[in-house]
Amino acid sequence: MLFGYKPSKIEVDSVMSSVNPNTSGILLEGFLNIVRKKKEAQRYRNEVRHIFTAFDTYYRGFLTLEDFKKAFRQVAPKLPERTVLEVFREVDQDSDGHVSFRDFEYALNYGQKEA
């Protein structure tokens, strides 16, 4: 917790399972590497949340097609509305007409390696 992150028991067990049982722990460098990766992932997730919140102008916790259209008009005004509709349908994984933060985060992370 001193480094601004409290790992779960599962994370601690995972790290400790890779430690040589004949030693008393992990090297500081290894520990700092783990903490750095987690902090980077947390920072990225915060950036994704910030983008989502910027699109969610009514603070509903989800995005509608209209929210998407408005956002794309600002960032890519020449993009055809049909393309925006296709993107919305792709991101709206459960086809309920709303893009949740989880849907949005999944779409932004699609094809990227997990941290």
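## Helix α5 and its cover

In α5, five residues are buried: F101, D103, F104, E105 and N109. The model behind this report is predicted. Several elements cover the buried residues of α5, including α2, β1 (62–63), α4 and β2 (99–100).

## α2 against α5

Two packed helices are described by the angle between their axes and the distance between the axes. For α2 and α5, the angle is about 120° and the axes are 10 Å apart. That angle makes α2 oblique to α5. The crossing of α2 past α5 is right-handed.

On the α2 side, the contact uses Y44, R45, V48, R49, I51, F52 and F55. On the α5 side, it uses F101, F104, E105, L108 and N109. By class, this contact has 8 nonpolar, 1 polar and 3 charged residues. Three of the α5 contact residues, F101, F104 and E105, are also among the buried residues of that helix.

## The largest nonpolar core

The largest nonpolar core has 11 residues. They are V48, F52, L63, F68, F72, V84, F88, V91, V99, F101 and F104. The largest share comes from α4, with 3 residues.

F68 is one of the core residues. Leaving aside neighbours within four places in sequence, F68 is in contact with L63, V84, V87, F88, V91 and V99. Of these partners, L63, V84, F88, V91 and V99 also belong to the core.

## α3 against α4

The α3 and α4 axes are 10 Å apart and meet at an angle of about 130°. The two helices are therefore oblique to each other. α3 passes α4 in a right-handed crossing.

From α3, the contact takes L65, F68, K69 and F72. From α4, it takes E81, V84, L85, V87, F88 and V91. The class count for this contact is 8 nonpolar, no polar and 2 charged residues.

An α-helix has 3.6 residues a turn, so residues three or four places apart point the same way.

## F72 in α3

F72 lies in helix α3 and belongs to the largest nonpolar core. Not counting residues up to four places away in sequence, F72 touches P77, L79, V84 and V87. Two of these partners, V84 and V87, are α4 residues in the contact with α3.

F72 and K37 are 35 residues apart in sequence. In space, their C-alpha atoms are 32 Å apart.

## T64, a buried loop residue

T64 is found in the loop between β1 and α3. Is T64 buried or exposed? Its relative accessibility is 17%, so T64 counts as buried, the cut-off being under 20%.

Beyond its neighbours within four places in sequence, T64 is in contact with F88, G97 and H98. Among these, F88 is a residue of the largest nonpolar core.

## Two loop residues with positive phi

Y59 sits in the loop between α2 and β1. Its phi is near 55°, a positive value in a residue other than glycine. Y59 counts as exposed, at 66% relative accessibility.

S95 sits in the loop between α4 and β2. S95 is not a glycine, yet its phi is positive, at about 55°. With a relative accessible area of 61%, S95 is exposed.

Methods
Residues are numbered from 1 along each chain as its sequence is written. This is a predicted model: local features need pLDDT of at least 70, side-chain atom pairs count only at pLDDT 80 or more; totals for chains, interfaces and linings use all residues. Side-chain values use heavy atoms; hydrogens and water are left out. A nonpolar core is a set of buried Ala, Val, Leu, Ile, Met, Phe, Trp, Tyr and Cys residues joined through side-chain atoms within 4.5 Å. Buried means under 20% relative accessible area, exposed over 50%, partly exposed in between (1.4 Å probe, protein chains only). Helices (H or I, at least four residues) and strands (E, at least two) are DSSP runs, numbered from the N terminus. Contact means heavy atoms within 4.5 Å. Axes are lines fitted to C-alpha atoms, for helices over the stretch in contact, and angles run from 0 to 180 degrees between N-to-C directions. Angles under 35 degrees count as roughly parallel, over 145 as roughly antiparallel, 65 to 115 as roughly perpendicular and the rest as oblique. A crossing is left-handed if the near helix is turned anticlockwise from the far one by less than a right angle, and right-handed if clockwise. Ala, Val, Leu, Ile, Met, Phe, Trp, Tyr, Cys and Pro count as nonpolar, Asp, Glu, Lys and Arg as charged, and the others, Gly among them, as polar.
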